[in-house]
Protein chains: 2
Amino acid sequence: MFEVLATYLRKRIEITDDELELIRAACAIRAVRKWQPMLQAGEIWGIKCFVASGCLRLYRTGTDGKDYTLRFAVDNWWLTDLESYNQGKPSSYNIEALMASTVIVCPKEKWMELLVKIPALSKLHETLMLNNGEANQRRIFSLISSSAEEKYNEFKKTYPGIFNRVPLYMVASHLGISRETLSRLRKEHAKQNKETSSGNL
Amino acid sequence: MFEVLATYLRKRIEITDDELELIRAACAIRAVRKWQPMLQAGEIWGIKCFVASGCLRLYRTGTDGKDYTLRFAVDNWWLTDLESYNQGKPSSYNIEALMASTVIVCPKEKWMELLVKIPALSKLHETLMLNNGEANQRRIFSLISSSAEEKYNEFKKTYPGIFNRVPLYMVASHLGISRETLSRLRKEHAKQNKETSSGNL
DNA sequence: CGATTCTTTGAAAACAGTCAATCTGTGTGG
DNA sequence: CCACACAGATTGACTGTTTTCAAAGAATCG
């Protein structure tokens, strides 16, 4: 299973087999069953986490008692609660598997050693952080500027692989709209696609 | 004016006078008049930018033609369009001064050299990135989970210094609500505060 | 299958947005 | 120093989107 991460890294950076061996030694493979929590609010999140296969989500319970999805992570994505990872404080978030998944985890201290030993990895790490920052900026813009329908379209375009893979109500909470609204939007769209594609030739 | 940045840095990291001199040499001081744009959509943003005094905002025009505020920056804050800075692509965003301001800017290449030469600065830089990531995560949660009123309260609590310093309609666009709604919320709150504080003893 | 979870649907209500008019404060030029 | 212009804020009436609530329908899993 570690091969998934190795392939991922080889595709993105110049890395020797020795360096890969260092990483492998620092990491652990973890199988997560469906609905199994990897992180529960109150715990401290002290690991780097790479999704080798499956699908996880990061969510948080609002003051209204409902769950709101901050982020999904599928094959070859990284997933962290930045707040807890960074400050070592108990997390306000939860991470759970949406299907049987395999993740590769690395304790924070070991990860930091790796970053020192392998400059290319450090560079990649920085790039990932920046990409994440950009994605957040775009998402914030979308949230403050778009209607429910626009957000729906954007999500489908940006994460085509996720839309059909996770429960609808989680996508709704990711977009900040109710499940009913999302259900209606989707219905509308299905209808329109049907109309457009049924022209007679 | 560079002293503002020097003081800022001394407060946060161990830094020698020689190192500060390096930074000073790489930076330029720029005065920005009220409403003057520092960045216009289409341009490339290739600098690090530190607000020594005044107030700027980063905003973007939506498909509806309205402007949406992504971020404010006041004294001792950094401001960037991550997307353009990172990828060197033309920006979709605008940056303008909301009052006469002084900013300290450093070209990207020189900044990267500084990061190599001054490890403590590099560490600070990383911390800032992480803090920004955390703030974004919290803001996204707020946007997907909160009503207009909750967002209003949270903004006032999180950025007390900004609320009274920038036009109301910009705060509204930062929260993703209309100026009228924000105006009404504020009125409600003023009324409630009056009621609470006028109890007879 | 049977039970649970998820989605859909309809009707009513709440919330926030739009439009348009008015008000307020600030700065400018006569 | 006043009057005017202008940007920003407020207000009311209305509209429209989205939420909520409740019930019924699929789908999924053991």
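This talk describes a predicted model in which two protein chains, A and B, are placed with DNA strands C and D.

Good morning, colleagues. I shall begin with chain A as a whole. Chain A has 201 residues, and 31% of them count as buried. Its secondary structure comprises 9 helices and 7 strands. The C-alpha trace of chain A spans about 60 × 50 × 30 Å along its principal axes. Among the contacts in chain A with a separation of 6 or more, 71% are between residues 24 or more positions apart.

Let us turn to the strands of chain A.

As general background, nonpolar side chains in soluble globular proteins tend to be buried together. Which residues does Leu56(A) touch, leaving aside those up to four places away in sequence? They are Met38(A), Val51(A), Ala73(A), Leu79(A), Ile95(A), Glu96(A), Ala97(A), Leu98(A) and Ser101(A).

I now move to chain B and to one of its sheets. This is an open sheet of 3 strands in the order 1-7-3, with antiparallel pairing. Why is one side of strand 1 and of strand 3 left without a neighbour in the sheet? Strand 1, residues 28–32, and strand 3, residues 47–53, stand at the edges and have a single partner strand each, so one side of each has no neighbour there. On average, neighbouring strands of this sheet are turned by 30 degrees against each other, direction ignored. The antiparallel pairing of strand 3 with strand 7, residues 101–107, extends over 6 bridges in chain B. One residue pair in it is Val51(B) with its bridge partner Val103(B). Helix 4 of chain B, residues 108–117, packs on this sheet and touches strand 3 and strand 7; its direction makes about 75 degrees with that of strand 7.

Next, the contact between the two protein chains. Chain A and chain B contribute 22 residues each. On the side of chain B that touches chain A, strand 5 (67–74), helix 3 (82–87) and helix 5 each give two or more residues. Helix 5 of chain B provides the largest share of that side, with 13 residues. By class, that side of chain B divides into 9 nonpolar, 9 polar and 4 charged residues.

Ile140(B) lies in helix 5 of chain B, which covers residues 119–145. Is Ile140(B) buried or exposed? Ile140(B) is buried, because 20 other C-beta atoms lie within 10 Å, and 20 or more is the requirement for that class. Not counting residues up to four places away in sequence, Ile140(B) touches Leu70(A), Asn136(A), Arg139(A), Ile140(A) and Leu143(A). Along chain B, Ile140(B) and Lys191(B) are 51 residues apart, and their C-alpha atoms are separated by 29 Å.

Finally, I come to the DNA. Around DNA strand D there are 16 residues, of which Ala148(A), Ser178(A), Thr181(A), Leu168(B) and Ser183(B) come nearest. Two or more residues each are given by helix 6 (148–158) and helix 9 (179–197) of chain A, and by helix 8 (168–175) and helix 9 (179–197) of chain B. Helix 9 of chain B supplies the largest share, 6 residues. The surface near DNA strand D has 5 nonpolar, 4 polar and 7 charged residues.

For DNA strand C, there are 16 residues around it, and the nearest are Leu168(A), Ser183(A), Ser147(B), Ala148(B) and Thr181(B). Here helix 8 and helix 9 of chain A, with helix 6 and helix 9 of chain B, each supply at least two residues. The largest share of this surface, 6 residues, belongs to helix 9 of chain A. By class, the surface near DNA strand C has 5 nonpolar, 4 polar and 7 charged residues.

Thank you for your attention.

Key:
Residues numbered from 1 in each chain as written. Chains lettered and ligands numbered in written order. Predicted model: local features only at pLDDT ≥ 70, side-chain atom pairs only at ≥ 80, totals over all residues. Contact = placed C-beta atoms within 7 Å. Pairing = 2+ DSSP bridges. Helix = DSSP H or I, 4+ residues; strand = E, 2+ residues; numbered from the N terminus. Axes fitted to C-alpha atoms, helices over the stretch in contact; angles between N-to-C directions. Near = placed C-beta within 6 Å. Nonpolar A, V, L, I, M, F, W, Y, C, P; charged D, E, K, R; others polar. Buried ≥ 20, exposed ≤ 12 C-beta atoms within 10 Å, placed from the backbone.
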